[in-house]
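Try each task before reading its solution.

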Amino acid sequence: MIKAILIFNNHGKPRLIRFYQYFAEDLQQQIIRETFHLVSKRDDNVCNFLEGGSLIGGSDYKLIYRHYATLYFVFCVDSSESELGILDLIQVFVETLDKCFENVCELDLIFHMDKVHYILQEVVMGGMVLETNMNEIVAQVELQNRMEKSEGGLSAAPARAVSAVKNMNLPEIPRNINIGDINIKVPSLSPF
Amino acid sequence: MPAPIRLRELIRTIRTARTQAEEREMIQKECAAIRSSFREEDNTYRCRNVAKLLYMHMLGYPAHFGQLECLKLIASQKFTDKRIGYLGAMLLLDERQDVHLLMTNCIKNDLNHSTQYVQGLALCTLGCMGSSEMCRDLAGEVEKLLKTSNSYLRKKAALCAVHVIRKVPELMEMFLPATKNLLSEKNHGVLHTSVVLLTEMCERSPDMLSHFRKLVPQLVRILKNLIMSGYSPEHDVSGISDPFLQVRILRLLRILGRSDDDSSEAMNDILAQVATNTETSKNVGNAILYETVLTIMDIKSESGLRVLAINILGRFLLNNDKNIRYVALTSLLKTVQTDHNAVQRHRSTIVDCLKDLDVSIKRRAMELSFALVNGNNIRGMMKELLYFLDSCDPEFKADCASGVFLAAEKYAPSKRWHIDTIMRVLTTAGSYVRDDSVPNLIQLITNSVEMHAYTVQRLYKALLDDISQQPLVQVSSWCIGEYGDLLVSGQCEEEEPIQDEVLDVLEGLLVSNLSTPVTRGYALTAIMKLSTRFSSVNRIKKVVSIYGSSIDVELQQRAVEYNALFKKYDHMRPALLERMPIMEKTATNGPTEIVQTNGETEPSVLDTKHPPPVTQPANQVRTLKQFWYLHSVLCCCSDPVSPWTFQLQLLSPSSNVVPALNQGTVTQVIRVLNPQKQQLRMRIKLTYTHKGSPVQDLAEVNNFPPQSWQ
């Protein structure tokens, strides 16, 4: 089982935090700090497996991590997961992010934290691996995003458009537009 | 009130903060705005606000006031609201809050929603943080979805079922009928999660395990198709068809084949096929091979297959990729107990891994090396391990030192080698050895009678070089105290020190800041013992009397008692400070306690301490020689008028075990010098352990025949 998935940058700032086991808030932050501390010390040419820190729990847990440019992707797993398999899973996840965001970079994760969560939800559910086929994941995420967009998305855009129109002062529109010889009568529009 | 700012704007604003305080201020302002927006029950902007709240939660700020809002979002009709609401529920809520139960009804409705993505969201949430009550209520819905033909939902339902089973194990039976045709699915996602579900059920219940054994042929067939199917762009990862599914199936096969001959036999072929045909140039191939090896080792496979597996691991050890080496070492550690000889063949590679730069690999290699040590390779292995001990990080030194001691004890080819090895450990990693190693070492040295001179000379030299490592210093001072006469008498191979030099060294220990109180105790006792082995008794008397006013209570007590030994009980001194007899190693804590009390704190003459309880095998009574004789010494001199008119010499008892059922006796000879021809009376106090409990016996002998003392 995957106990936690942490993504943070080279300075330890969290970019995505997902725990699949309950930890109190302050403990979560402590775990993030401790994990960053352990992982950032590692040289680039050592193996990608670390025996876990003391906080996230005992002897059965390992930290499996990958370092991509400015980001660390850390999966904290127990012995029921294959270490090499998880390494591949991290690769699949990152490639999926790449497909969804088109050449993903750290800024994408910063500003679209919710979207990253949704993508992750299609890969790992309840601490277990759900789907590993990249195309499948991308297709499902795309469809859901389209549904969201049709409703106006997170920023609730149509509502804003409606309220913008609502706030327009319609009675101010001139009723008679006189441009020399042409006389156009503008119909009376009821305020809406 | 103006529309709440968008998530993006908030993130942008927070990123401009230059200090932690500035960031905190911005966030507090935004939280206040969000709170008032929540109070206004604004439906349009609620999703935006919760998204911002989740972002702030990730940064570490409290967000619990948004919990109820998440529930409102879940209840909304819009997909956008539900999506962020469920995410918020998973991140902010857990079963410890009572609020979460309010979700149950929403989830139930959503599980039956017309849109599959809403159903998916509900399954996801239930599978992540559903409590036992929620699981009980909704298990029926999950079971229904497990039978649907929609693969998107089916795979989520399978993982949700795993969570339900983990929370409420009694419900496992409920999912059994739905599993019937899970494996005939074509969709790999469903296959994958189904195998996870089956694995979970098999691991939890032996009945399920035997029930699912019949699936082995089907699993083998699926695996075969994956390997033979050729290129399939959908599931391809670096040229291998769905490695994740292959690994999962291999793991399930492992569980099914364990301790079952028939299943294991059915798997033999496919395992051999995977092991020989998988391409190893990329990580994915190695992941599959690794899983195959673990499966082969765990089931009842034939020996040819096992050898193949270990050879694969051996090849892994030579791989350039560190991850592969690490994984190989881990699995070899698991198999070294069962297939010891096969692993031995790779010993040299494993020993090379000790020199690797990677800390995780070094640790694994060290553990494995200790597991591989045996009588044949002890010398070579020990050389490597001692070299490792020299150069490794401090975090390894304690474990390595203990490992070396254990290995040396089991397989030492000669006593001299053993002592040399111990010396090497003490000098290189002396401050890292465990506390109980000092008494064990002292006992070992005592028992190697012919090595006493050699040992004390080497220890003395080590002491001259370095007095900072306490275990080394303690062992050395004890030895010098015991065998100091050998040290100066010319029995050593090299130039021997003179008595004053030795005393200088020991006194140096007493005054040095590096010595711990325990070490000082050792040093003082050693000096005292030398009073019967060296001739410079006056110097020793002076030293001992100085420490009679030491601030350290333990040191003071010792010094005072030793002083008394010089003044009033001088005639007993030789007998008391005599060389220690050979100690037999008893089970568990026996020797530790003997040595600790004998070597470190010889009880003073006037002290009637009880000896520590000694563990002993059933039906045998053991007596502790040292203490017995000390006690009897005390009790002999009991004339109130002039107690010390006798001089006693106690010889060693014939044995320290009194056999049970009157099968034998123990005799001890006591020579009495009785110049004043006083009447002999003897009071004996015997303390021993019988069947685990301490027993005390007092006896008085008054009927010595008059000829013995007249």
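Two exercises follow, both on a predicted model.

**Exercise 1. A sheet in chain A**

Task: Find the strand order of the open sheet in chain A, and state which strands stand at the edges.

Solution: 
- Step 1. Write down the order. The open sheet of chain A has 5 strands, arranged 2-1-5-4-3. Their pairing is antiparallel.
- Step 2. Look for strands with a single partner.
- Step 3. On average, neighbouring strands are turned by 20 degrees against each other, direction ignored.
- Step 4. See what packs on the sheet. Helix 4 (residues 113–123) of chain A does, touching strand 1 and strand 2 of chain A. The direction of helix 4 makes about 40 degrees with that of strand 2 of chain A.
- Step 5. Take one strand pair. Strand 1 (residues 2–9) and strand 2 of chain A are joined antiparallel over 5 bridges. Ile5(A) has Arg18(A) of strand 2 as its bridge partner.

**Exercise 2. Two helices in chain B**

Task: Describe how helix 17 (residues 322–335) and helix 20 (residues 359–372) of chain B pack.

Solution: 
- Step 1. Get the geometry. The helices pack at an angle of about 25 degrees, and their axes are 9 Å apart.
- Step 2. Classify the angle. Angles under 35 degrees count as roughly parallel. Helix 17 of chain B is therefore roughly parallel to helix 20 of chain B.
- Step 3. The crossing of helix 17 and helix 20 of chain B is left-handed.
- Step 4. List contact residues. Helix 17 of chain B contributes, among them, Tyr326(B), Leu329(B) and Leu333(B).
- Step 5. Sort by class. The contact between helix 17 and helix 20 of chain B has 7 nonpolar, 2 polar and 4 charged residues.

How values were computed: Residues are numbered from 1 along each chain as its sequence is written. Chains are lettered from A and ligands numbered from 1 in the order in which they are written. This is a predicted model: local features need pLDDT of at least 70, side-chain atom pairs count only at pLDDT 80 or more; totals for chains, interfaces and linings use all residues. Side-chain values use heavy atoms; hydrogens and water are left out. Two strands pair if DSSP finds at least two bridges between them. Helices (H or I, at least four residues) and strands (E, at least two) are DSSP runs, numbered from the N terminus. Axes are lines fitted to C-alpha atoms, for helices over the stretch in contact, and angles run from 0 to 180 degrees between N-to-C directions. Contact means heavy atoms within 4.5 Å. Angles under 35 degrees count as roughly parallel, over 145 as roughly antiparallel, 65 to 115 as roughly perpendicular and the rest as oblique. A crossing is left-handed if the near helix is turned anticlockwise from the far one by less than a right angle, and right-handed if clockwise. Ala, Val, Leu, Ile, Met, Phe, Trp, Tyr, Cys and Pro count as nonpolar, Asp, Glu, Lys and Arg as charged, and the others, Gly among them, as polar.
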